[in-house]
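User: I would like to go through this structure and ask, for each label, what it rests on. Please set each value against its definition.

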Amino acid sequence: ITVVIPVYNEAATIESVLKRVLAVPFAKQVVVVDDGSTDGTREILGKAKHADLEVVLVPETRGKGHAVRQGIAKSRGDAVAIQDADLEYLPEQIPVLCELILKGDADAVFGSRFIGAPRKVGKLWHTKANQTVTFFSNICSNLNITDMETGAKAFRGDVIRAMPLRSNRFGFEPEVVARLAHRKAKIFEIPAPYFGR
């Protein structure tokens, strides 16, 4: 499993995320892509050393989608999981997220905050905005995803590496869903515990 961790100004959580991802017992490659952080995150990453860890420092902020694409380009795993650096999603869930992919049953798995998982209660309008964006994405893709904007997602390595992804910012999520739909990919959702800030 390749774990791609896009990070921007997460000095408060990046050490904990790395420690927890590296501690989960599965064969892994961890690619952290720092998107021009200015809060000390880069200095923390500069001290991080581990055989499974590769750090990519983007000189200036280009956006989350760009950071994720950089990580995907470096990936070698049969499955590629995205782990946000803010600890809103549990690194310990990565093997569960990748299980259907590694068994050959799925091309992509999305961890949904809205189906059967514990989640921290958040702001009403944030939730409604997320559901609205997901709804419009579903109209365009003819899919029935409950949480397109989730920070917990995984893909079959060869599938995600073959996609001509272009989005640099948060457009990555609807773009990857549209490209999966176009490929008629096998997409699954599983519950994802969510601990919003």
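User: Where is the place of D84?

Analyst: D84 sits in the loop between β4 (79–83) and α4 (94–102), where helices (H or I, at least four residues) and strands (E, at least two) are DSSP runs, numbered from the N terminus. This is a predicted model, in which local features need pLDDT of at least 70 and side-chain atom pairs count only at pLDDT 80 or more, while totals for chains, interfaces and linings use all residues. Residues are numbered from 1 along each chain as its sequence is written, and side-chain values use heavy atoms, with hydrogens and water left out.

User: Why is D84 called buried?

Analyst: The relative accessible area of D84 is 11%, and buried means under 20%, exposed over 50% and partly exposed in between (1.4 Å probe, protein chains only); D84 is therefore buried.

User: What makes the pairing of D84 and K64 a polar contact?

Analyst: Their side chains are joined at 3.1 Å, and a polar contact is a pair of N or O atoms within 3.5 Å, where within protein one must be able to donate a hydrogen and the other to accept it, and residues adjacent in sequence count only if both atoms are side-chain atoms. Leaving aside residues up to four places away in sequence, D84 touches P6, V17, K64 and G151, contact being heavy atoms within 4.5 Å.

User: K64 belongs to helix α3 (residues 64–74); which residues of this helix are buried?

Analyst: In α3, K64, G65, H66, A67, V68, G71 and I72 are buried. Among the elements that cover these buried residues are β1, β2, β3 (53–58) and β4, together with α6 (157–162) and α7 (172–182).

User: What makes a group of residues a nonpolar core?

Analyst: The term is used for a set of buried Ala, Val, Leu, Ile, Met, Phe, Trp, Tyr and Cys residues joined through side-chain atoms within 4.5 Å. The largest such core has 31 residues, and those with the most contacts inside it are I1, V3, I5, L18, V30, V32 and I94. Helix α1 gives the most to this core, with five residues. A second, separate core of 19 residues includes V4, V68, V80 and F155.

User: Which residues does V32 touch?

Analyst: Not counting residues up to four places away in sequence, V32 touches I5, V7, L18, L45, L53, E54, V55 and V56.
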